[in-house]
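I opened my notebook to walk through this structure one stop at a time. Come along and look things up with me.

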Amino acid sequence: MTTPIRSEPLYRAADLRRIEAAAAAQPLMQRAGEAAADLATSLSRFEGGAVLILAGPGNNGGDAFVAARHLRQRGFAVSVVFLGEISRLPEDAAAAYRDFDDDGGSALEAIPSGPRWSLIVDGLFGIGLQRPVSGPFAAMVTAANALALRHHCPLLALDCPSGLDADTGRRCGETIRASHTITFIAGKPGLFTGDGPEYCGSITHAALDLHAERLAPPSARTIGSDLFAAWLRPRAKNTHKGSFGNAGVLGGASSMVGAVFLAGRAALKLGSGRVYLGLIDARAPALDPLQPELMLRRPEALLATALSALACGPGMGGSDEACELLLRACALELPLLLDADALNMLAREARLQEAVRARAHRGAVTLLTPHPTEAARLLAGDTAQVQADRAGAALELASRYRALAVLKGCGTIVAAPDGRWFVNTTGHPALATAGTGDVLSGMIVALLAQGWPGLEALLAAVHLHGAAAEERVASGCGPVGLTAGEIIDSARLCLNHWIAHGR
């Protein structure tokens with residue numbers, strides 16, 4: 001069973017610079033290099049093996065020189081490659097180089113041939129990258145990646161893989177594909193979203209004897225169960241189905257009824273007392289044969305039902321009828337989730353945009369759950385722009401539409417209109433299949449119907465959705481061929497486990 005995890009603070013590079021400045025009197029580079037050497041020692045395939053260290057022209061290179069000195073003292077055969085001028089190193093990095101040199105080390109200008117490397121360490125740029133990696137540095141990154149594959153050895157990145165933007169998770173030219181990353185002081189958003197998870201490998205946090213949150217507020221947080229633990233409560237004995245709300249799902253145009261059924265099944269199994277489905281297709285079946293507990297309605301009847309929360313969009317289509325139904329839904333004074341086709345209509349219809357923004361003035365909660373292409377439409381941009389700065393895009397969505405926003409994808413981002421944002425660390429590539437977004441919508445609306453606040457419902461459902469996929473894959477179902485419907489039972493199992501354990 002997936003164990004709940006706690007949220008962790010994340011810092012953008014500019015905020016980390018302020019923390020480093022506040023702790024300038026402390027030997028941070030010495031601590032970072034020693035922590036890197038400790039991890040490198042545990043990762044090396046054999047004691048005293050050949051270790052290749054790439055040192056860059058900034059403080060990340062200084063961390064690398066400190067690590068190299070410690071590894072030499074522990075008996076490793078260390079080769080340090082440095083492209084740059086010693087005279088131009090920052091003060092602390094220059095001191096680290098002198099200590100390394102005084103200890104008998106030497107810096108090479110090229111990667112030596114011959115050794116079979118037991119470990120490669122990337123200390124080229126870390127979070128200090130200002131432009132795409134190119135020229136001889138790009139060649140060194142390419143060579144390091146190839147050597148790690150050829151020698152089947154770990155590749156450890158210091159602070160952040162060189163070539164990866166630590167703020168956004170976007171690749172900037174040639175990028176180190178690390179098997180392990182040791183991140184100093186605190187986590188960085190780019191390690192956990194976009195290309196980050198693909199290029200960081202296993203992440204180790206070295207605080208360097210600092211408590212970052214005492215020095216500066218975090219830029220963001222990862223999602224953990226502590227952010228919604230207050231709502232993971234066992235059910236009271238004296239309750240009935242009316243105690244757990246009425247969830248509604250509106251959608252299901254011709255040939256797309258299955259999307260509503262998936263959302264409805266997820267809402268039912270995540271604890272909503274009653275689940276009503278409003279199907280636009282007049283020829284849709286009168287019941288879901290796999291889940292007859294779901295109550296099917298015509299859309300007009302659904303909107304007249306006493307709902308606790310409503311999700312619109314799964315299989316909704318983009319007809320004039322669908323647009324009018326969505327306008328009516330926006331007028332309801334209840335938590336409203338917009339997904340899939342509802343988001344596409346919102347992107348093109350000024351009337352809907354005004355209706356959504358007006359909800360905030362009335363105190364009605366609106367939640368948007370786009371994937372990157374839907375987010376691009378909502379922002380009148382393109383998908384590449386959204387993916388280049390996923391957090392920025394999610395924050396812009398939340399601000400523009402005065403709504404809570406979820407930007408789905410690798411390292412899903414949850415953003416609030418007040419500027420808070422969160423990065424989810426659960427999930428699996430197995431989720432890249434049709435219908436998983438519909439299941440997520442059903443999970444969110446179920447929690448909303450049970451009285452969860454909007455932000456906590458989003459955080460919990462996004463985290464649970466990813467954890468459920470991990471659970472299914474771990475049990476042997478997937479990753480190839482995992483279906484959206486299979487996630488639902490695992491989500492129910494995980495949620496009950498979290499409630500039973502009080503977190």
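**Entry: glycine 49.** I began with glycine 49, which I found in the loop between α2 and β2 (50–55). I kept in mind that this is a predicted model. Is glycine 49 buried or exposed? Glycine 49 has a relative accessibility of 1%, so it counts as buried. Setting aside neighbours within four places in sequence, I listed Phe76, Ala77 and Ser118 as the contacts of glycine 49. I also looked up arginine 402, which sits 353 residues from glycine 49 in sequence and 56 Å from it in space, C-alpha to C-alpha.

**Entry: the sheet of seven strands.** Next I followed the chain into β2. I read the strand order of an open sheet of seven strands as β4-β3-β2-β5-β6-β7-β8, with parallel pairing. Which strands stand at the edges? They are β4 (107–108) and β8 (202–206); each has a single partner strand, so one side of each lacks a neighbour in the sheet. Then I checked β2 against β5 (residues 117–123): the two run parallel and are joined by six bridges. In this pair, I saw leucine 52 standing opposite isoleucine 120 of β5.

**Entry: the sheet of eleven strands.** I then traced another open sheet, made of eleven strands with mixed pairing, in the order β1-β9-β18-β17-β16-β15-β14-β13-β10-β11-β12. For β10 (residues 246–251) and β13 (residues 309–312) I noted the parallel sense, over four bridges. Glycine 248 has leucine 310 in β13 as its bridge partner.

**Entry: threonine 369.** I found threonine 369 in the loop between β15 (366–368) and α13 (372–378). Threonine 369 counts as buried because its relative accessibility is 1%, under the 20% cut-off. Which side chain does the side chain of threonine 369 meet in a polar contact? The partner is the side chain of aspartate 339, at 3.0 Å. Beyond four places in sequence, the contacts of threonine 369 include Leu337, Leu343, Glu374, Lys408 and Leu458.

Entry: I went looking for exceptions here, since most residues other than glycine have a negative phi, and most peptide bonds are trans. Isoleucine 185 has a positive phi near 70 degrees and lies in the loop between β7 (180–184) and α6 (196–200). Alanine 380 also has a positive phi, about 55 degrees, and I placed it in the loop between α13 and α14 (383–388). Isoleucine 185 is buried, with a relative accessible area of 5%, whereas alanine 380 is exposed at 72%. I also noted a cis peptide bond between glycine 478 and proline 479, with omega about 15 degrees. Proline 479 is in the loop between α17 (454–474) and α18 (484–500).

Entry: My last stop was the second largest pocket, which holds about 890 Å³ of space. Of its 40 lining residues, the closest to the centre are Arg17, Gly58, Asn59, Asn60 and Phe125. What kinds of residue make up the lining? I counted 22 nonpolar, ten polar and eight charged. Several helices each supply at least two lining residues, among them α1 (13–22), α3 (59–73) and α5 (135–151).

Definitions and conventions:
Residues are numbered from 1 along each chain as its sequence is written. This is a predicted model: local features need pLDDT of at least 70, side-chain atom pairs count only at pLDDT 80 or more; totals for chains, interfaces and linings use all residues. Side-chain values use heavy atoms; hydrogens and water are left out. On a 1 Å grid over the protein atoms alone, a cavity is a set of points where a 1.4 Å probe fits but cannot get out, and a pocket is an open set with protein on both sides within 12 Å along at least five of seven lines; lining residues have an atom within 4 Å of a point. Grid points are joined across faces, edges and corners, and a volume is the space filled by probe spheres set on the points. Ala, Val, Leu, Ile, Met, Phe, Trp, Tyr, Cys and Pro count as nonpolar, Asp, Glu, Lys and Arg as charged, and the others, Gly among them, as polar. Buried means under 20% relative accessible area, exposed over 50%, partly exposed in between (1.4 Å probe, protein chains only). A polar contact is a pair of N or O atoms within 3.5 Å; within protein, one must be able to donate a hydrogen and the other to accept it, and residues adjacent in sequence count only if both atoms are side-chain atoms. Contact means heavy atoms within 4.5 Å. Two strands pair if DSSP finds at least two bridges between them.
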